Amino acid sequence: MDFDFDLFVIGGGSGGVRAARIAAGTHGAKVALAEEYRMGGTCVIRGCVPKKLMVFASGFADLAEDARAYGWDARIGAFDWRAFRGRLEAELDRLEAAYRSGLTGAGVTIYDQRAVLEDAHSVRLADGRLIRARHILIASGGRPFVPAIEGAELAVTSNEIFRLDSLPERALIVGGGFIACEFACILQGLGVQVSLYYRGDQILRGFDAEARDHVASAMRDRGITIRCETDVTRLDRAGRAIRATAADGGAAEFDLVLYATGRLPNTGDMGLEATGVGLGRKGEILVDDFSQTAVPSVFAVGDVTDRINLTPVAIREGHAFADTVFGGQRRRMDHSLVASAVFTQPELGAIGLTEEEAAARGPIEIYATAFRPMRTAFAGRPDKVMMKLVVCADSRKVLGCHIVAENAGELIQLAAIAVTMGATKEDFDRTVAVHPTMAEELVTLRNPVRRIG
Ligand SMILES: Cc1cc2nc3c(=O)[nH]c(=O)nc-3n(C[C@H](O)[C@H](O)[C@H](O)COP(=O)(O)OP(=O)(O)OC[C@H]3O[C@@H](n4cnc5c(N)ncnc54)[C@H](O)[C@@H]3O)c2cc1C
Ligand SMILES: NC(=O)c1ccc[n+]([C@@H]2O[C@H](COP(=O)([O-])OP(=O)(O)OC[C@H]3O[C@@H](n4cnc5c(N)ncnc54)[C@H](O)[C@@H]3O)[C@@H](O)[C@H]2O)c1
């Protein structure tokens, strides 16, 4: 059978770009990639990167205040959203161009249009062309999900938040996950009055309960109104504002409503079911450990498979796919131990099991501390850091590490190496502290605060 390409990739995001570059650049395959929006995908264009730059932008008011406590005559003026947005857009243009040139440099043919599956070995481009490929990789990512309440069209999602014309005075954020909590802190740091409504009993479900409580109370201390067990039932226009009505009948007005209620895989109208690619309950593509679908020539990586929806995971899956199919190595992504960080203020970094998960598996010891770190304590801030190790009572292995602190994302990356290597509590203990740091607490936790099981 004659093919136009060895590999056709649908989607130019984290997973698709990595797979295309490795297949073409490292393994010499003839590769094409189709992207219907902007090269770089969610992470680069409307996810991790612009979000992190907004996190940085939102931290300067606190810094100026701290600087005064340290003796500086520091004064911070007003935040100029439009000036920031202009610089942000220029940076995203630069990154998009870098992704594009990385692909063309590796010899990948780019189609700037939508592509859908036609059959097991062909894709149909939006301009009508049919392209045949020995293998097809679907890396089409996901999109925000907004529940179908009345007035839902008045809300924005993370897709729009980076391109607002102006910052609102009062914002309502609906949801309690990564995006909701991160944007609550970002907007509050930029001077917006923020309320967060979450339907569950505590934000950041899935993380360690003590860490969730710690982040929630730090967010409240910063002036964010968090209302748990609050479902929004409708949105209405109220002049220039939006009125949000909750299930208990209470209503309040906001200038912006951001829905951060999860994401759905981009699998609609892609020709998948007709080709025999299996889909799960949320519409995610079902794959095996090697990211292979029910159709042997079709693979899928990243958010479209809804395994762990993080950029480094999509990248690893894409890389492992390229090495397996074009590099003659059987490589798979290990999803069992993946560190993550929520870029709230303070940040939450986590790897491994929560206390609750570990306790359900066997006897454990908990080592934990909460303290006011030197830098902010000196400036008179009430901020507290939390560090916690979940240790297996039998093997002594550190099963989980949870940090709530400024820069916890940076800290957990390093702790993750030790936990991934299978370090025991005693390995942590024999590591000599670096003083004075916050992180030294991780190697000086002498006695368990509790034993479970
Ligand atoms: C606001 C936000 C913040 C985030 N922050 C972080 C973070 O801090 N850290 C982290 O690790 N992760 C973060 N994530 C998650 C991360 O962005 C995703 O896990 C990652 O981008 C997934 O990569 P992917 O390749 O699977 O899909 P994507 O990056 O979504 O790429 C898919 C691409 O496919 C294109 N596409 C879709 N269908 C077609 C089609 N039929 N034809 C052609 N092209 C198509 C889309 O336009 C898109 O560009 C964040 C996500 C959001 C929304
Ligand atoms: N720092 C990071 O690594 C980072 C940052 C942002 C996003 N992400 C990734 O993107 C994914 C999506 O982020 P997200 O915050 O949209 O999703 P999420 O799954 O983290 O949170 C969704 C929230 O919406 C709530 N929700 C769902 N349906 C609802 C409904 N009908 N009504 C009210 N509330 C509802 C959920 O209870 C949950 O609190 C994350 O799971 C994560 O994998 C990662």
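**View 1. The shell around ligand 1 in the predicted model.** By class, this shell holds 14 nonpolar, 17 polar and 5 charged residues (nonpolar: Ala, Val, Leu, Ile, Met, Phe, Trp, Tyr, Cys and Pro; charged: Asp, Glu, Lys and Arg; polar: the others, Gly among them). G11, G13, G41, G141 and G302 come nearest among the 36 residues around ligand 1, where a residue is near if its C-beta atom, placed from the backbone, lies within 6 Å. Two or more shell residues come from each of α1 (14-26), α2 (41-46), α3 (48-58), β4 (115-119) and α10 (311-326); helices (H or I, at least four residues) and strands (E, at least two) are DSSP runs numbered from the N terminus. Residues are numbered from 1 along each chain as its sequence is written, and chains are lettered from A and ligands numbered from 1 in the order in which they are written. In this predicted model, local features need pLDDT of at least 70, side-chain atom pairs count only at pLDDT 80 or more, and totals for chains, interfaces and linings use all residues.

**View 2. Two cis peptide bonds.** Q345 and P346 are joined by a cis bond with omega about 5 degrees; P346 sits in the loop between β17 (340-342) and β18 (347-352). The bond from H435 to P436 is also cis, omega being near -5 degrees, and P436 belongs to the loop between α14 (425-429) and β22 (450-452).

**View 3. Positive phi at D269.** D269, not a glycine, has a phi of about 50 degrees. This residue lies in the loop between β15 (263-265) and α9 (272-275). D269 counts as exposed because it has 8 C-beta neighbours inside 10 Å (exposed: 12 or fewer other C-beta atoms within 10 Å; partly exposed: between that and buried; buried: 20 or more; C-beta atoms placed from the backbone).
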